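Colleague: I would like to learn how to read cavities, salt bridges and surface patches. Could we go through them with one example?

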Amino acid sequence: MENDKQRFRLLDTVYIAMMILPVLCGIILKILTTPLSEGISISGAKIFFTIKMPIQDLPITESQVHSWLVMISITGLCLFLTHGIKEKADTKRQHIAEWIVENTQKLVNGNMGEYFSGFAPFIAAVLGLSAFSSLLALFGLYAPTSDVNVTAGWAILVFFLITYYKMKCGPVVYAKSFADPPLLTPLNIISEFATPLSMAFRHYGNVLSGSVISVLLAAGLQGLSAMVFGKIPGFLSEIPFFQIGIPAVLSIYFDVFSGLLQAYIFAMLTMLYVAGAFPADEYFRRKALNKSK
């Protein structure tokens, strides 16, 4: 019995380490690879190294590395919450795990219908990956959602899902959907490809703009502090008083609220676009005909 408890605690320690160590590794990597600079610095994802490829070289950037760190942390969180799970919940972690599962399932069933109930794990993964990627900015790390290549990859995956469910009734029904109504066929074709573009740029644009605004306001507050308190004798003139507290409040909005909101919006659009693309009436009508034969 004592060995089982020790093994249980050891696994808990490993899972907690999986949650925390990736973020610490990201912070250490940033410190080691970021040179000291003065003034405002707004740039894209840093390229660590490039892998030579036959067609096009593959750059390994902060976005890719931080995405993997986020995935490791989320995996550790999931393992920790489900460790020692029982048929009847008797721990706080199991209650939290069940609350996440139940609410995600309700969200999917309410927006997509019972047919898409199996989408709950996918939507939970989208929400978790997007939210935790944006929250990395709280630790001074580059948020993968600030890179259009990351959000574009997610949007392309959603586009494939949309196309797959539109094709459920065959290519003929899929082609006819563009001519409904016939006069709007060109616009329907354009909107088909505009969907992933709008999803990618909406998510990326909102997260990136928040980061840029935070940096600019922090620099402005530093300059304002120097202008107002610069004439005070002694070391007090060097303290950026206006930077105390105000950037933290802004971070709560741009990094926490806005990041979580964009994750929710991306997940909602995914559910609505996929469910809306599925020709349910025609699909179930054909299914009923095949059964009656």
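Colleague: Which element gives the largest share of the lining of the largest cavity?

Modeller: Rolling a probe the size of a water molecule over the atoms shows where empty space is left. In this predicted model, α8 gives the largest share of that lining, with three residues. The elements that supply two or more lining residues are α7 (185–229) and α8 (246–277).

Colleague: Which residues line the largest cavity, and what is its volume?

Modeller: The lining consists of S134, A137, A143, V207, S211, F254, D255 and G259. The volume is about 40 Å³. Sorted by class, the lining has four nonpolar, three polar and one charged residues.

Colleague: How many cavities of 30 Å³ or more does a search of the whole structure find?

Modeller: The search finds two. The second largest cavity holds about 30 Å³ of space. Its lining is made of M199, R202, H203, Q262, I265, F266 and L269.

Colleague: What classes of residue line the second largest cavity, and which element gives the largest share?

Modeller: By class there are four nonpolar, two polar and one charged residues. The largest share, four residues, comes from α8. Both α7 and α8 supply at least two residues of this lining.

Colleague: Let us turn to salt bridges. How many does the structure hold?

Modeller: Side chains of opposite charge can pair when their charged atoms come close. The structure holds five salt bridges. One of them joins R93 and D12, with the closest N and O atoms 2.8 Å apart.

Colleague: In which helices do R93 and D12 lie?

Modeller: R93 lies in helix α3 (residues 92–112) and D12 in helix α1, so this pair ties together parts that are 81 residues apart in sequence.

Colleague: Are R93 and D12 buried or exposed?

Modeller: A residue counts as buried when its relative accessible area is under 20%. R93 has 17%, so R93 is buried. D12 has 10%, so D12 is buried.

Colleague: Which residue forms a salt bridge with K166?

Modeller: The partner is E192, and the closest N and O atoms are 2.6 Å apart. This pair links distant parts of the chain, with K166 in helix α5 (residues 148–166) and E192 in helix α7, 26 residues apart. K166 is buried at 18% relative accessible area, and E192 is buried at 6%.

Colleague: What about D57 and K52: are they buried or exposed?

Modeller: The side chains of D57 and K52 meet in a salt bridge, at 3.4 Å from N to O. Exposed means over 50% relative accessible area, and partly exposed lies between that and the buried range. K52 has 67%, so K52 is exposed. D57 has 32%, so D57 is partly exposed.

Colleague: The last topic is the surface. Which residues form a nonpolar patch there?

Modeller: The patch is formed by I16, I20, L21 and L24, which together have about 330 Å² of accessible area. I16 is found in helix α1 (residues 2–33).

Colleague: Is I16 buried, exposed or partly exposed, and what is its relative accessibility?

Modeller: I16 has 34% relative accessibility, so I16 counts as partly exposed. A patch takes residues with over 30% relative accessible area, so that value lets I16 belong to one.

Definitions and conventions: Residues numbered from 1 in each chain as written. Predicted model: local features only at pLDDT ≥ 70, side-chain atom pairs only at ≥ 80, totals over all residues. Heavy atoms only, no water. Patch = residues over 30% accessible without salt bridge, like charges linked within 9 Å, V, L, I, M, F, W, Y side chains within 5 Å. Areas by Shrake-Rupley, 256 points an atom, 1.4 Å probe, with all protein chains shown as cover. Salt bridge = Lys/Arg side-chain N within 4 Å of Asp/Glu carboxyl O. Buried < 20%, exposed > 50% of the residue type's maximum accessible area, 1.4 Å probe, protein only. 1 Å grid on protein atoms, 1.4 Å probe; cavity = no way out; pocket = protein on both sides within 12 Å on 5 of 7 lines; lining within 4 Å. Points joined across faces, edges and corners; volume = space filled by probe spheres on them. Nonpolar A, V, L, I, M, F, W, Y, C, P; charged D, E, K, R; others polar.
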